[in-house]
Structure formats: structure tokens, C-alpha cells
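Open the model in your viewer and keep the sequence panel beside it. This tour tells you what to select at each stop.

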Amino acid sequence: MGLTMSTLVKYVLPKLAYEITGLEPVISRHVLDLHYNKHHLTYVNNLNAALDQLQEAMVKQDLSKIVALQQTIIFNGGSHINHSMYWENLAPIAGAGGKLPDPKSAFGEQVIKDWGSFDKLIDYFTKRSTAIKGSGWGWLVLNKAIKKLEFLETHDQDTISMIPDMSPLLTIDVWEHSYYLDYKNLRAEYMKNIWKIVNWQTVEKRFEASMIQGTSNQPNISFLTFCKDDQLSLIHISEPTRRYAISYAVFCLKKKKNK
């Protein structure tokens, strides 16, 4: 029985909760417009195009084409996921931007327990994100396995969904297109000012939802893995998922040895 073509739902830009000028003076209208309406839109268009090609390749059962499209889908899909969360994490200064949660709330108490204070969390997040080499993202996550807040970094457009039991609460984009026209090469200044427009309300809501979600028992490996003969080829291994790739390699080689 052959495969048939069905209609794919197209991904679209998420609607911003603020005007294009709403994040000034931290992020200028020009930079937000370029970042949102140009860069993010390009990622969405590329993702939709790749998914159309993937669907066609699957109908034709063209495995080579299916494999070749994975990197494009991971890159542009990850970008869409990351940017969508980034926009939600921001708010105008005149609104929710920069307003810290109640330290006596469940989230506030967790921050104090794990970091000592919001100031210490922000300081650590700022230093680590500023130091990311090349393009990437800084993340505040909840490690659901141990109920602890942690900082993680991902590179390019890798997502936190690649790492089991890590629930993303806050992300800051440190790709140059997110700040360069406003801050030039001063990423540290961008990171210093971004906290004035961080929407802690959305961070807190994600924390509350994550605390009641279960943990996963298996690593959510979102890159392609091919194990053939005595060789292991791993495609799209980001630094946070490397330990799971290594674990899989050991499992794969042991399985072949026991055959």
C-alpha cells in the first residue's frame, strides 16, 4: 500500500504581545523589526519549505532525501521554537518588563534555594551568556528530575527539547543579529540591559506548569543516529546532548559485539 500526500499545517510567526517599538530603549524598533519580521520569518519560511520537501520525499520513499533534509528542519525548526519563546520572555518596561516575582512565591523560593537571590541568578546568567562562543542561547531551565533551577547554553539553533527532563523557563538570544545594530560588539551591554525587559511573569508560569509535569525515562534524542557494522555516525550532536550520544554509541557497539 503506497503512501499518500496530506495537507501540512503551515507554521507562522507568533503574534507579539507588544508593539514593534515596545521594547525600546533596550531593543530599538529597527532591531526588533529586523529580528522578528526578517530573521524569524525567514526561519519559518525555510522550515515550511523543508517540511513540504520532506513530505514529498516520504511519499516517494526517498530515504536519501529524507536524511538530507534533517539538518535544515532541525536548524529552522529549532530557531522557530527558540525565537517564539524569546519573544514571550520579553515585555515593555512600562508593562511587565523587569518586574521580579514575589520572593515568597513558589518560584521565588526556588530561586533563593538554588541561587541565593535573583541578583545572583541574573549575574551568573549574564556572565555565562556573554561568554558563549559564536551564536547561541542562554537558558534558565528546571531540571525536573531533581527539581532544581539550572543554567544551560545551546549553540546555533539547538533546543532544550534535545535534553531529557529539562524544562525551559527563560531564554536569551545571543546571536549577533539580536543586538549588534544597537550594541555593536558589546554583548555584555546587551545582556546587562535585557533584564529591564524580561517578562518574569511568563517565566514563573512556565515554572509552575513544569513542576507538575512528569519526568521522562528515556533521553529525547532529536538528532539522527546511524549504527552500521562497527561504525557509528552521529549527525547534529550539540554539546548538551553529547553525553547521550556517547551512551548510545556504547550501547550500539556492545549490541553488535554480542551478536
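In which sense, left-handed or right-handed, does H4 pass H6? The crossing of H4 over H6 is right-handed. A crossing is right-handed if the near helix is turned clockwise from the far one by less than a right angle, and left-handed if anticlockwise.

**Before you go on**

This is a predicted model: local features need pLDDT of at least 70, side-chain atom pairs count only at pLDDT 80 or more, and totals for chains, interfaces and linings use all residues. Residues are numbered from 1 along each chain as its sequence is written, and side-chain values use heavy atoms, with hydrogens and water left out.

**Stop 1: the whole chain**

Colour the chain by secondary structure. There are eight helices and five strands. Helices (H or I, at least four residues) and strands (E, at least two) are DSSP runs, numbered from the N terminus. Along the sequence the pattern reads α-α-α-α-β-β-β-α-α-α-β-β-α. The protein chain has 259 residues, and 45% of them count as buried. Buried means under 20% relative accessible area, exposed over 50%, and partly exposed in between (1.4 Å probe, protein chains only). Now consider contacts, meaning heavy atoms within 4.5 Å. Among contacts between residues at least 6 apart in sequence, 68% join residues at least 24 apart.

**Stop 2: H4 and H6**

Select 118-130 for H4 and 187-194 for H6. Their axes lie 9 Å apart, at an angle of about 150°. Axes are lines fitted to C-alpha atoms, for helices over the stretch in contact, and angles run from 0 to 180 degrees between N-to-C directions. H4 and H6 are therefore roughly antiparallel to each other. The cut-offs: under 35 degrees is roughly parallel, over 145 roughly antiparallel, 65 to 115 roughly perpendicular, and the rest oblique.

Show the side chains. From H4 come Phe 125, Thr 126, Ser 129 and Thr 130; from H6 come Arg 187, Ala 188, Met 191 and Lys 192. By class, this contact of H4 with H6 has three nonpolar, three polar and two charged residues. Ala, Val, Leu, Ile, Met, Phe, Trp, Tyr, Cys and Pro count as nonpolar, Asp, Glu, Lys and Arg as charged, and the others, Gly among them, as polar.

Stay on H6. Its buried residues are Arg 187, Tyr 190, Met 191, Asn 193 and Ile 194. The cover over them includes H2, H4, E3 and helix H5 (180-183).

**Stop 3: H1 and H2**

Move to H1 (29-60) and H2 (63-88). They pack at about 145°, and their axes are 8 Å apart. Here the crossing is left-handed. The contact of H1 with H2 has 16 nonpolar, twelve polar and one charged residues.

**Stop 4: the open sheet**

Find three strands in the order E2-E1-E3, with antiparallel pairing. E2 (148-155) and E3 are the edge strands, each pairing on one side only. From one strand to the next, the twist averages 25°. Two strands pair if DSSP finds at least two bridges between them. E1 (136-143) and E3 share seven bridges. Pick Trp 137: its bridge partner in E3 is Asp 173. Then select E3 whole, 166-173. Seven of its eight residues are buried, so E3 is largely enclosed by the rest of the structure.

**Stop 5**

H7 lies across E1, E2 and E3, at about 165° to E3.

Zoom in on Phe 207, in H7. At 2% relative accessibility, Phe 207 is buried. Leaving out residues up to four places away in sequence, Phe 207 touches Ala 106, Phe 107, Gln 110, Leu 142, Leu 149 and Leu 169. Phe 207 and Phe 107 are 100 residues apart along the chain, with 6.8 Å between their C-alpha atoms.

**Stop 6: backbone details**

Most residues other than glycine have a negative phi, and most peptide bonds are trans. The peptide bond from Glu 24 to Pro 25 is cis, with omega near 5°. Pro 25 sits in the segment before H1. Lys 147, in the loop between E1 and E2, has a positive phi of about 55°. Asp 156, in the loop between E2 and E3, has a positive phi near 55°. Lys 147 is partly exposed at 30%, and Asp 156 is partly exposed at 41%.
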